[in-house]
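Here's a quick briefing to read alongside the model. Keep the viewer open and click through as you go.

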Amino acid sequence: KEKMITGITPSGEMTLGNYLGAIKRAVEFQDEYELYVFIANLHAITIPQDKEILRKNTKEIAALYFACGLDPQKSTVFLQSDVLEHAQLGWILNTQSSIGELSRMTQFKDKSSKTKAQSKDYIPAGLFTYPTLMAADILMYDAKFVPVGIDQKQHVELTRDLAIRVNNKYGTVFQIPEPLISKDKIKIMDLQDPTKKMSKSSTNQKAIIYMLDEPKVIEAKIKAAITDSENLIKYDPKNKPGVANLMTIYTTLKKITIKEAEKHWQGKNYKDLKDDVAAALIETLAPIQQRYKQLYNSSEVEQWLKDAAIKAQYEARKKLNKVQNALGLNYNR
Ligand code: TYM
């Protein structure tokens, strides 16, 4: 079986964007591929974190992974910091990348301008080397495919470049990975500003659907979502980004095409649209939330993560040995 890997950074609570952009598809692939899914807590600390909140977010995402359908018998679901080799390979990849290419990462540019605005000229160095650690996550397990949202595509492309570079220089040690973006390249947008992506680190809570939002909260957020004054349900992301976003959420949840959705809403108004979207969300999230509640305080989740970490450590150790050997980082061959 070919390998696949993906992860979420626990810098906030898991959002609908994380689910629809990456996790839902990863779950669908777990029979066909050898799937690795992890919680990227080393990435989370590239921006300041309160340790109790970080623990809580980590624990929540872990339970949510399994509640979303990741099966501990089939997939390796682990905590990044449990596998020390990630940091070691990340360091090695830092030495193989340039300041120029890391400076071109749009996520770095966005996040560094934000932290800079908040605290004068303080930009954590970890934000800059974030992509090399991400490359380490991916290359460690010979992943062929990386299911991610479109916002992470550039990082996976950098990972490819690094893998090719190292292979050319030192002999083939890495599998060349590919980003696996959904066909329709879905990007779930902010409900209050549909020109930017729905992000867990956003400050406007009303703008984000969290996986653990209760039905009433979901209804209220969708009801308050920004649309436009036309009251015409048409898919036009440029001119009608709010309406297009609601339509995308619905079609992705219902697995129907935009055309089918437009037909479904012919002659209907925004209230109908919002009622349908809220109902579809509740229908999808309710069973996940129910499983989550059973899992959250059970000791099972922790045991699953520990077992998976042992398996991941074994694979990671093998890969790291190979890389260190290729670079001459050992006394004897
Ligand atoms: P993160 O935590 O920002 O997001 C997790 C996944 O969710 C996707 N995503 C979205 N998709 C569609 N619409 C949105 N609004 C939306 N918001 C987020 C992201 O594209 C991502 O797939 N750097 C990664 C974590 C990571 C990783 C890795 C992923 C670290 N190492 C190795 C894959 C492989 C991140 O911060 O994702």
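What follows covers the domains, the interface between them, the ligand site and the salt bridges.

Bear in mind that this is a predicted model, where local features need pLDDT of at least 70, side-chain atom pairs count only at pLDDT 80 or more, and totals for chains, interfaces and linings use all residues. Residues are numbered from 1 along each chain as its sequence is written, and side-chain values use heavy atoms, with hydrogens and water left out.

**Domains**
- The chain is assigned two domains: domain 1 (3-181 + 299-327) and domain 2 (205-293), with bounds from an automatic or database domain assignment.
- Their centres, taken over C-alpha atoms, sit 29 Å apart.
- Where they are in contact (heavy atoms within 4.5 Å), domain 1 supplies 13 residues and domain 2 supplies 14.

**The interface**
- About 1,300 Å² is buried between the two domains, and carbon and sulfur atoms give 75% of that; buried area is the accessible area (1.4 Å probe) that two parts lose on being put together, summed over both.
- On the domain 1 side, Leu16, Leu64 and Ala67 lose the most area to domain 2, together making up 39% of what that side buries.
- Four residue pairs across the interface are in polar contact, both residues being at pLDDT 80 or more; that term takes a pair of N or O atoms within 3.5 Å, and within protein one must be able to donate a hydrogen and the other to accept it, while residues adjacent in sequence count only if both atoms are side-chain atoms.
- Helices (H or I, at least four residues) and strands (E, at least two) are DSSP runs numbered from the N terminus; α1 (16-29) and α3 (51-67) each give two or more residues to the side of domain 1 that touches domain 2.
- The largest share of that side, five residues, comes from α1.

**Ligand site**
- Asp151 has a polar side-chain atom 2.6 Å from a ligand oxygen.
- Lys200 has a side-chain N or O atom 2.6 Å from an oxygen atom of the ligand.
- For Gln152, a side-chain N or O atom is 3.1 Å from a ligand nitrogen.

**Salt bridges**
- The count comes to 20 salt bridges, each a side-chain nitrogen of Lys or Arg within 4 Å of a carboxyl oxygen of Asp or Glu.
- One salt bridge runs between domain 1 and domain 2.
- Lys255 pairs with Glu28, with the closest N and O atoms 3.5 Å apart.
- Asp31 and Lys74 also form a salt bridge, at 3.1 Å from N to O.
- That pair links distant parts of the chain, 43 residues apart: Asp31 is in the loop between α1 and β2 (34-39), and Lys74 is in the loop between α3 and β3 (76-79).
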